[in-house]
Amino acid sequence: MTSGYGRFALARAGQAAVVVLLAYVLTFLVISVLPGDAITNSLRDPQSGLSEADIQRIVEFYGLDQPVLVQLALSLGRFLTGELGFSLQSNLPVSQIVGDALPSTLTLATMALAIAVVFAVAIAYGAHYAPPRWAGILRSIPSFFLSVPNFVIGLVLIELFAFRLHSFTTTDPNSATATLFAAVTLAIPVSAPLAEVLIASLDHESRQEYALVARSRGLAEAQLFARHLVKPSALPSVAMVALIVGELLGGSVITETIFGRDGIGTVVQKAVTGEDQPVLQAVVSLSAVVFVAVNLAADLLTPLLDPRVNVREAANA
Amino acid sequence: MTPIEFRRRVFLAGITAITGSAVLTACGGPAATSSSDAGTPVDGGNITFLIQGYDTGWVSSKTSISSYEGNLWGQITDKLVYVDDKGQLSPWVASSWEELNGAKDFVLHLKDGVTFSDGTPLDAAAVVANLNAWAKGAPERGVSKVGLFPSSNFVSAEAADAKTVKVSFSSPALGFIATLAYHGCILLSPKTLALPVDAQADLAQEIGSGPFVLKSWKQGDSYVLEKRKDYNWGPAALGHTGPARLDTITYKVIKDTSVRTSTVASGQAEVAFNVEPQEIESLKAQGFTVGTPKYLGFVDGFQVNTQAFPTNDSSVRQAIQHGIDREEIRNTVYTEDWDAATTFIQGNVPEAGDYSSAFAFDADKAKKLLDDAGWKPGPDGFRVKDGKVLEFPLTPNPYVPSTKAEDELIAQQLERIGIKVNLKVVDVAGYAAIQASRPPLFQTSRSFVDVGTVAGVLTSQNNGENWFNLGTSDQKLNELSTAIASASDRESREKIAGELQQYVLEQGYFIPLNQLVQRLYLISPAVKGVQYNGLAYANFYTAWVAK
């Protein structure tokens, strides 16, 4: 068992490293294919009045005139030694840009994840135990949550709570209240798939024989839910949460833009618009690492939580 | 991004229609739009200025000309010369100047007692360091020069004494003094200029001498400026001495245009940069001030590539020139705050003349020009000649708001005379590639302080920008631009500039649309005394908040 698990863990970790590396190379190549580069784009503003020769001199300073593969090799070499370099757009150190933005995004994502879990559990519980008419409505809520675009939710919340009720001000997006509303905006679409999975597995588990037995022994539904159904129903949700972390990082772009928060989403958006390769490389790699690490943790956790999962088969798969 | 952006706008327009009007009415105050600057100025007060982005760092040579960073640079730095919105030059840090030897040599006399915010003097040595940075930059450190500075004939700048700077050029540089008022030429401490480019990116390292200094900031998010209490060298033209009236200005990034507008409309901030032109009218009706300053420079319009199909045919150029209904553009896309163009340079440039007959809207004339040149209407209504359809691609200028709506309308207008326009919308990154591909029409936006700049873009002489792709093939254009570039007195230059405008428009080398408004300011009714310079930036040195 132990050696089997060890091999399984090692194989998964190896795959994770390959995924991160591939994400890095792929991002680099995709940006290289786009027309222009960060330096030329800003210097070619019709306002600047710089000649092609003037621009060329600055492009050479940044080494952007070299073949793509040479640039990739240099960039990858720096990345592997832990050096993130400087932004081509703002000339600031990439580590500083990412470091400044990270706390805001982490706060938002953590809060949104917590709210999403609460929403999902509440919906799933209600869908299962509420009177049939209400349960039907609750069961349709996840698809409703999924179909309302993120920015609509955000703008409605801002219009209502910031401009009409004055609960928070848009000029201070990092205040606790403003963060809460941003987190709700982000949590609503994220809670939907989680609720779906919870509802489905609750349905499944409550039909199992052990639940039947528990019920026949006179256990109240609430007790049955808390003592027997929660743990097995949560298993598929562990994998789901891992996927949701990715969505939290992605969905934060729109939420941050609307609420005026300066986080990783905003950094990505600026870097893509400005073709700011060093910044984009760093953020994509960071996201890949987070995504892969969370999924790896979920993968490694599942066989420990659920003895039915055969690691030997998984390792050979 | 575009569909999302679009849906969001449409959605918000709906929200605003339903609930926003209530907010506006509640917060807008009386709808009186009489003089917004009435009353006695008071000291003190704080304002918040909302802007869509501070993404490009603070390397001055790269960002001082930006619409976004330029707004903040203008509060923390001074210039040697001030230019007002009529193009009039007046003293600032330079208290006077002399133009000698046929505009080849200049002497600048500096004001006494001007200091940078770190206490070091802004003396002749500091001005020399700045002049060299503008003229040459430091490419070996990744720092570019200032694009419009007359560097090709710049010889030297030296300090004669602590208060006097001598500047020499190898040929007449009539535009030199005017260029000192250009937003690229901001005065910074020599210490700042000597820093490596990565250190210059940090705003805290940027030491200026302006009426405001940086108090605190979060890069890319918000910047708090506070007034400098010992400031006493503002331009006399602004009619104010001593320190600024406002205590602080907070520049705060809010990306979404509708949120910026609503935030000011609901009273949570005082100024918003670049609102939608369509919203101006209703905002004004609620008592808000909307500043639509026009910079000195080229109008909104197209550089024409005379070598590309189909604009290599002069009758096609003429037809486009007369086929565009500029009044319809103003009425549909813009508001009455936009002015008609009378030539290809903005109306406040002193040398601008009225040559509007050269590009007056006349669809019948445009059609006849095409008929006579052999462009016959084809089966689908578009004209054809020698088996080729009369069509070309057109890309809106992403640096100017609402050019997309503008170019869509132009495409419809030209369709009516049988020209097919293929609209291609790109972002800023894509626009550089469009420019490099030299399309038939390229939509430009360029400010300048001196009409001499025009000479540098027309042909390929003296490393010129060759806007019309004529190289040196048009003898008359060569002569006219040489005459402007080498003129040593303003009167004769003004005459040549007139001749040049007439010629360029008649040949259809430049197709003007309307006078350009690149920067829009939505200002709360309580904020008074905001002034605009010739580069269309708001100056808050004289601004105050009514109690």
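Residues are numbered from 1 along each chain as its sequence is written, while chains are lettered from A and ligands numbered from 1 in the order in which they are written. Because this is a predicted model, local features need pLDDT of at least 70 and side-chain atom pairs count only at pLDDT 80 or more, but totals for chains, interfaces and linings use all residues.

**View 1. Chain A is built from helices, 13 of them, with zero strands.** Helices here are DSSP runs of H or I with at least four residues, strands are runs of E with at least two, and both are numbered from the N terminus. The C-alpha trace of chain A spans about 85 × 60 × 25 Å along its principal axes. Of the 317 residues in chain A, 38% are buried (20 or more other C-beta atoms, placed from the backbone, within 10 Å of a residue's own).

**View 2. Helices α7 (residues 150-164) and α8 (residues 176-206) of chain A cross at roughly 150°.** Their axes, lines fitted to C-alpha atoms over the stretch in contact, come within 9 Å. Angles run from 0 to 180 degrees between N-to-C directions, and those over 145 count as roughly antiparallel, so α7(A) and α8(A) are roughly antiparallel to each other. On the α7(A) side, the contact includes A:Ile153, A:Leu157 and A:Phe161, and on the α8(A) side it includes A:Phe181, A:Val184 and A:Ile188. Two residues are in contact if their C-beta atoms, placed from the backbone, lie within 7 Å. By class, this contact of α7(A) with α8(A) has seven nonpolar, three polar and no charged residues. Nonpolar means Ala, Val, Leu, Ile, Met, Phe, Trp, Tyr, Cys and Pro, charged means Asp, Glu, Lys and Arg, and the others, Gly among them, are polar.

**View 3. Here chain A meets chain B, with 44 residues from chain A and 53 residues from chain B in the contact.** Helix α7(A) turns up again, giving the most to the side of chain A that touches chain B, with seven residues. That side of chain A has 16 nonpolar, 18 polar and 10 charged residues.

**View 4. Chain B holds an open sheet of three strands in the order β14-β15-β16, with antiparallel pairing.** Strands pair if DSSP finds at least two bridges between them. Two bridges join β14(B) to β15(B) (residues 383-385), and B:Lys376 has B:Val384 as its bridge partner in β15(B). At the edges stand β14 (376-377) and β16 (388-389) of chain B, each with a single partner strand, so one side of each is left without a neighbour in the sheet.

Definitions and conventions:
Parallel < 35°, antiparallel > 145°, perpendicular 65-115°, else oblique. Buried ≥ 20, exposed ≤ 12 C-beta atoms within 10 Å, placed from the backbone.
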